[in-house]
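Below is a short walk through one structure, starting with a pair of rings and ending with a core. Please keep the view open while reading.

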Amino acid sequence: MTRIGPDEFFVGTIKGAFRYRLSTNTWEPALLDEFTITSVCMDREGNYWFTTGADGVFYTPAIQVKHWSEKDGFKGNTINKLLFSEDKKTIWAALANDNLIRFRDGNIESYQVQYHGTLDLEWAGEELVIGSALGITRFNTRTGKQVHTYLPGSMKSLLTSQVGDLMYCGGMGVLKLDEHLVKVLENIQFYPEQPGKVVLNDDYKNLLLFNERTYSLQDVGPDQFIAGTAKGLIFIGPDGNERLFPDHPSMQFTVYSMATGPDGSVWAATHGGG
């Protein structure tokens, strides 16, 4: 689920992308209903870009649809994430088969990177942070060099917070990523005989949520987040964490995606709970 502008959300499904308008409280008929839509984003001209599960990328200015796939130079048709550059002139596409696509002015460039299947992309300065099932790859867009960091638990989502921190969520919980990440991970002691027990250095503040399989993360204020987990929603704040609405039927399901409405409300998409 992706928020596009102040009035609309897109939900990608196996039968196209559905648009919901807040102002009228209505759902519109599916776009590209013959395709599995994995993500949606809008460029600075207001045009829409759709990634698919097996058919490449679609681009639609107004009601026209343009389509790029392997026949146009892509190294595969399964694209999991698109990310625009700051000037909105370059699009980076992460493919499931260890290829990264740079798309600018109609030109396609492909980079082979080793990240064992991408799940998300986010910016960190001039570097792309690529989240994978085994951790993260930092890819410098100028030099083409990459550095891989392995993390416990598969990566599910990346998020840049309101204060510029890069947040990671996955099988082990929620981490704040910084230059001390590798050192910090070395300071964690796990106790297999006591699941959930963890000992951290006194100066370690990066592990915000531990031992919760986390699929999505929403920034709701400075150093305040809502995590979508395998067992509903958890609020993460400077004073501690709290499970939200534990008795609500929908919170017994996995929360795969979230978005914030213009009034500050949080919308959660679950697997089986609506």
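Are tyrosine 48 and phenylalanine 50 buried or exposed? Both tyrosine 48 and phenylalanine 50 are buried, where buried means under 20% relative accessible area, exposed over 50% and partly exposed in between (1.4 Å probe, protein chains only). This is a predicted model, in which local features need pLDDT of at least 70, side-chain atom pairs count only at pLDDT 80 or more, and totals for chains, interfaces and linings use all residues. Residues are numbered from 1 along each chain as its sequence is written, and side-chain values use heavy atoms, with hydrogens and water left out.

Rings of Phe, Tyr and Trp (its six-membered ring) pair if their centres lie within 6.5 Å; planes under 30 degrees apart count as stacked, over 60 as edge-to-face and the rest as tilted. By this rule there are 17 aromatic pairs. One of them, tilted, joins tyrosine 20 and tryptophan 267, at 5.3 Å centre to centre and 50° between the planes. Because tyrosine 20 lies in strand 3 (residues 16-21) and tryptophan 267 in strand 28 (residues 266-270), the pair ties together parts that are 247 residues apart in sequence. Strands here are DSSP runs (E, at least two residues), numbered from the N terminus. Tyrosine 20 is buried at 6% relative accessible area, whereas tryptophan 267 is partly exposed at 31%.

Conventions. Helix = DSSP H or I, 4+ residues; strand = E, 2+ residues; numbered from the N terminus.
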